[in-house]
Amino acid sequence: MITFENVDVIYPNGFKGLDDVNVEIARGEFVAIIGLSGAGKSTLIRAVNGLVPYTGGTLTVGETVVDPKNKSKLRRLRSKVGMIFQQFNNVGRISVLNNVLIGRSAVTPTWRSLIGWYGAEDKEVAFQSLERVGIVDKAYNRASALSGGQQQRVAIARVLAQDPEVILADEPVASLDPPTARKVLGDLRRIQQDLGITCIVNMHHLDLARDYADRIIGMRAGRVVFDGPTEEATDTVIEDVYQRSLTAEDIATADFPVSLEDLPAEAVAGVVAGEPDRKP
Amino acid sequence: MSHGYKIAAGVVAPVLLAALGFLLTYAPAAETSEVFRRMMWGLVISAAVVAVAAAIYGLAYLGTSRQRAEAQAASDAGQSGYTPDRLDMRPVKPSKFWYNMALISIAVLFVSSAAGTGMTLSALLEMPARVWDYSVQMVGGVAQIPDEEARGDWANAFDAMLESVAIAWIGTIVGALFSLPCGILAARNMTPLAIYIPMRFILSVIRAVPEIVFAVAIFIPLLGVGPAQMGGAMAGAFALGISSIGTLSKLISEAIEGVDPGPLEASRASGATHAQMIRWAVLPQVMPDIIAIWLYRFEVNIRASAILGALGAGGIGRLISPPNGLFGQRPYDWEAIGITLFVIIAITILVDQISGFVRHRVIHGKIVRQKRRRKRKNGDASGPEGTKSAAIPV
Amino acid sequence: MTAVAERTSAEAGPARVTRPEPPTPPLVNYLGLVVVAVAAFAFFWWTRDDTSVLYLPLGVTTLWAPQWPLIGFLVMLAVLALCWFTRTGVMAAFGALTVVIFSYWAGSNIHFIDRIVEVPGRLTAGNTREQLIGYFNPDWSYLLFSNVAGTSRPIWGEWLITLCMAVVATIIGCFIGLLLAMLASPVSSFSKTSSQTVKAINSVVRSIPDVGWALLFAAFIGGTAYGLGALAAVLALMMFNIGIVAKLLGESIDAVDPGPLEAADAAGANLLQRDRVAVLPAVMPSFVSYSLYVFELNIRASAALGVVGVAGIGGELSRQIRRMSQGYENVGAILWALVIVVLLVDLLSMWVRRKLL
């Protein structure tokens with residue numbers, strides 16, 4: 001379904017986002033990507049729909065080769081590849097229904113969306129997507145008036161309205177509290193299984209990844225360092241991905257903006273010593 | 001209100017409005033004023049159009065009543081493909097009646113105002129040819145190698161424009177001198193209510209008075225009219241200065257109200273007097289913003305000085321406006337006009353660029369830019385910041 | 001503060017770390033600033049048109065210098081000295097020096113001192129007194145019941161036409177301004193080139209003042225500058241509005257949250273769809289508030305534009321100003337009424353803003 005063949009991403013400033021990535025993802029799989037911040041998880045996901053243009057190798061989605069140069073082909077591809085973001089990225093000032101209808105953009109003629117006159121079918125699709133995520137009663141509320149979990153559901157509904165074959169999720173639950181995060185991920189998992197959609201999700205939370213994913217890909221410095229079914233992702237394997245022991249302190253510091261190697265030893269010791277109180 | 005009633009209201013209200021407008025065309029006011037009569041006719045016609053459109057929509061709505069009843073019955077019987085449970089009840093679409101009414105009234109207002117101005121739109125048809133003809137002459141005036149006459153035009157334009165800049169600068173300085181104390185007195189977190197309320201009132205009165213009123217009614221009699229030697233420029237500068245005080249003080253007081261309250265508390269806790277607190281806790285925080293506000297007002301004042309010049313208060317406005325200016329002479333000297341416009345555009349843009357640069361520098365400082373440059377040089381600043389800034393495709 | 005500091009340092013005893021010196025700006029740069037001040041002094045000496053001179057008897061010889069340039073120079077040096085002793089950075093000192101030089105230049109350009117010293121004399125002189133008295137005793141009956149001289153048009157009709165022009169120009173101008181703002185911001189525009197081009201065009205449009213536009217359009221539509229229709233005024237106000245709205249709204253669009261844009265992109269929306277669904281809703285409140293702001297500006301400007309001969313109350317204002325001593329009460333009435341109308345429009349737009357936002 002999605003094939004990475006020796007894919008490289010080099011950013012304009014020379015930073016290597018992906019380094020020779022070879023991954024094959026089958027139809028209907030739910031794949032979690034784990035790794036430290038800056039390891040290339042987001043880059044991997046954004047390369048699939050061309051939000052980040054890849055610079056080497058071949059990236060295929062279904063039968064089409066992703067071509068970042070060809071704008072109209074890219075748009076056609078994006079209409080089949082939905083994306084969910086950490087910050088939900090809903091338009092706050094318009095209604096939930098209109099937010100979901102953004103997902104119908106690719107199949108709506110431009111003039112119709114310019115005057116905001118969507119067809120009855122599009123509206124039906126939007127309502128069904130909202131029903132699937134269970135917030136149809138909020139359809140005419142402003143998106144900004146909803147809670148975090150509800151907003152992320154709106155985002156999922158927007159993606160479902162695209163009738164996607166692939167859903168990309170860039171840390172979808174990182175801004176949510178733990179119970180909500182589980183609910184939203186559970187919804188995503190259920191919908192993905194119902195509709196047979198391929199799903200690639202970036203995650204910081206190991207336990208969530210283990211609970212929901214079929215398969216886990218570990219990344220470090222732009223390379224894939226682990227790729228296997230969830231059962232194989234034992235603590236030792238994950239420690240290898242993170243390159244450090246998998247104690248609670250280290251999971252917490254994975255969110256740290258600077259990598260710990262850059263800091264002097266006593267500073268690291270101080271941070272780690274201060275950490276255990278915050279452990280859940 | 002159900003849908004049918006709204007449509008009925010949408011028909012009846014414009015009909016009443018049109019009738020009212022029609023009656024008013026016979027009012028004595030319309031006898032005397034052409035403008036009023038035209039406006040009323042515009043109102044009649046546009047309201048009638050709205051009424052007809054609403055009526056057509058209403059007829060179509062009546063035509064589908066049987067289908068709607070059937071659909072309603074079907075959905076009540078639960079025959080749609082999807083059986084709703086308690087959570088999945090679709091909400092009713094909220095009414096946009098008032099929103100649509102507001103849009104329609106803006107359209108009606110537009111039509112009747114356009115009728116009221118009595119614009120002869122046929123003049124627009126001849127405009128493109130004239131614009132082309134005159135533009136060619138203007139560009140020719142700017143591009144030619146200046147002869148004796150053109151050199152005089154350039155010199156006049158530069159003198160007048162520099163005079164405008166001088167007027168705007170003095171106006172800004174006057175405004176700046178008064179606006180800082182006024183701004184502090186009009187900031188809620190600096191001043192007791194007894195001073196705050198009258199200060200706010202005075203400032204909003206100053207803001208409400210257009211600067212031409214200050215110029216014509218006060219400063220031209222006091223300081224003189226005409227070219228700079230006669231005092232016109234001074235009158236313009238002071239009119240701009242006084243009317244700057246209103247806006248500047250408002251913006252400054254808003255900036256002061258937005259300061260971080262922490263340092264204020266700290267200085268108050270260490271026993272500072274009010275003046276000391278303002279000097280050491282407030283001003284350091286807001287001074288960059290205030291300087292930026294002043295400079296912005298300088299840009300605005302340059303443009304505003306032109307219209308005062310037309311009233312006799314010096315600067316570029318005096319050079320272009322009739323009866324003695326470039327546009328007052330027949331036939332038009334398009335080459336001179338072209339040169340003058342070129343000078344106006346060039347100097348205004350130049351001043352904008354300089355002041356924009358200074359504003360940016362004052363607010364963001366040199367350090368920020370150096371840091372950013374250093375980061376760019378190092379390529380990857382490790383961590384999420386580096387990736388995020390690079391994630392925007394270039 | 002200093003007392004406290006001294007005490008603690010005395011208590012600190014022998015283990016004393018050398019204290020850092022307060023940073024001093026480099027002297028060379030300050031000397032450079034003094035050179036700038038001297039150059040400015042020379043320039044002002046060269047271009048002065050006031051011949052008064054200051055003498056400085058030294059016994060052996062008598063030095064002299066032109067009065068005002070010398071005073072200006074001393075002020076510059078004083079500012080520099082102040083900056084030096086407060087250890088201000090060189091750029092800030094340069095800024096202060098520039099403000100002084102520029103103010104001197106501007107002041108001498110508009111004959112600041114000459115005019116200021118004249119004011120007391122003028123206040124008691126006949127004409128100014130008469131004018132001021134006229135302006136503050138407006139003739140209200142003129143405003144309500146008179147006709148424009150030589151016609152049968154009532155004065156209140158001129159107010160109506162001014163309002164009409166402002167409404168029409170605001171609606172058209174804001175709409176075009178919205179489109180241009182969309183094109184001017186790199187966030188919503190087709191490409192970097194198109195946004196740069198539109199920005200350049202817009203800064204040209206903005207740099208021509210509204211009087212300039214009115215006179216240009218008066219010529220373009222083939223009228224003479226006097227007694228022309230309202231068309232020139234509407235077109236001029238329109239250009240004026242386009243410039244303001246495109247600039248301010250373009251800046252709002254630049255600051256739009258990029259998240260929803262990315263979401264729309266990822267959903268396969270094209271550029272126009274993206275602008276419509278993600279950009280427009282986000283900037284709608286600022287658009288409404290800028291439109292109201294521009295409407296207020298238009299009322300003020302259309303009153304003033306009449307001065308250059310377009311229709312509306314401004315035309316009547318300039319006619320009355322030209323009548324000199326016969327028109328003072330009438331001018332006063334128009335100006336007072338202008339203040340009242342502007343206040344009313346202000347209140348109206350405040351009400352609309354509160355209702356909508």
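At what angle do helix α8 (residues 193-208) of chain B and helix α10 (residues 232-257) of chain B cross? Read on to the first legend for that; one thing to keep in mind throughout is that this is a predicted model.

**View 1. Helices α8 and α10 of chain B cross at roughly 130°.**
Here the two helix axes come within 8 Å of each other. Helices α8(B) and α10(B) are therefore oblique to each other, since an angle has to be over 145 degrees to count as roughly antiparallel. The crossing of α8(B) over α10(B) is left-handed. On the α8(B) side, look for L203(B), I206(B) and R207(B). On the α10(B) side, the partners include I242(B), I245(B), G246(B) and K250(B).

**View 2. I167 of chain B sits in a buried spot.**
Zoom in on helix α7 (residues 148-185) of chain B and you'll find I167(B). Its C-beta has 36 neighbours inside 10 Å, which is why I167(B) counts as buried; the cut-off for that label is 20 or more. Go 69 residues along the chain from I167(B) and you get to G236(B), yet the two C-alpha atoms are separated by 6.6 Å. Setting aside neighbours within four places in sequence, I167(B) is in contact with A233(B), G236(B), A237(B) and L240(B), among others. S305(B), G314(B) and G315(B) are also among the contacts of I167(B), and so is I110(C), from chain C.
Stepping back, chain B has 15 helices and 0 strands. Of its 394 residues, 37% count as buried. Among the contacts in chain B with a separation of 6 or more, 74% are between residues 24 or more positions apart.

**View 3. Helices α3 and α4 of chain C pack at an angle of about 165°.**
Helix α3 (residues 67-85) of chain C lies against helix α4 (residues 90-109) of chain C, with the axes 10 Å apart. Are the two helices roughly parallel or roughly antiparallel? Roughly antiparallel, because their angle is over the 145 degrees needed for that label. The crossing of α3(C) and α4(C) is right-handed. From α3(C), the residues in the contact include G72(C), V75(C), M76(C) and V79(C). They meet a set in α4(C) that includes A92(C), A96(C), V100(C) and Y104(C). By class, the residues of the contact of α3(C) with α4(C) come out as 12 nonpolar, 1 polar and no charged.

**View 4. Chain A has an open sheet of 4 strands.**
The strand order is β2-β1-β4-β5 in chain A, and the pairing is antiparallel. At the edges are β2 (16-25) and β5 (64-65) of chain A, each pairing on one side only. Helix α1 (residues 41-48) of chain A packs on the sheet and touches β1 (2-10), β2 and β4 of chain A. The direction of α1(A) makes about 60° with that of β2(A).
Now for the pairs. β1(A) and β2(A) are joined by 6 bridges, and V9(A) stands opposite L18(A) in β2(A). Their hairpin has 5 residues between the strands, and in it G14(A) takes a positive phi near 95°. β1(A) and β4(A) pair over 5 bridges, with I2(A) opposite V61(A) in β4(A). Strand β4 (residues 56-61) of chain A is joined to β5(A) by 2 bridges, and there V61(A) has T64(A) as its bridge partner.

**View 5. D20 and N89 of chain A each have a positive phi.**
Most residues other than glycine have a negative phi. D20(A) isn't a glycine, but its phi is positive, at about 55°. D20(A) lies in strand β2 of chain A, and with 15 C-beta neighbours inside 10 Å it counts as partly exposed.
N89(A) isn't a glycine either, and its positive phi is about 55°. You'll find N89(A) in the loop between β6 (81-84) and α3 (96-101) of chain A. N89(A) is buried, because 25 other C-beta atoms lie within 10 Å.

Note on methods
Residues numbered from 1 in each chain as written. Chains lettered and ligands numbered in written order. Predicted model: local features only at pLDDT ≥ 70, side-chain atom pairs only at ≥ 80, totals over all residues. Buried ≥ 20, exposed ≤ 12 C-beta atoms within 10 Å, placed from the backbone. Contact = placed C-beta atoms within 7 Å. Axes fitted to C-alpha atoms, helices over the stretch in contact; angles between N-to-C directions. Parallel < 35°, antiparallel > 145°, perpendicular 65-115°, else oblique. Left-handed = near helix turned anticlockwise from the far one by under 90°. Nonpolar A, V, L, I, M, F, W, Y, C, P; charged D, E, K, R; others polar. Pairing = 2+ DSSP bridges.
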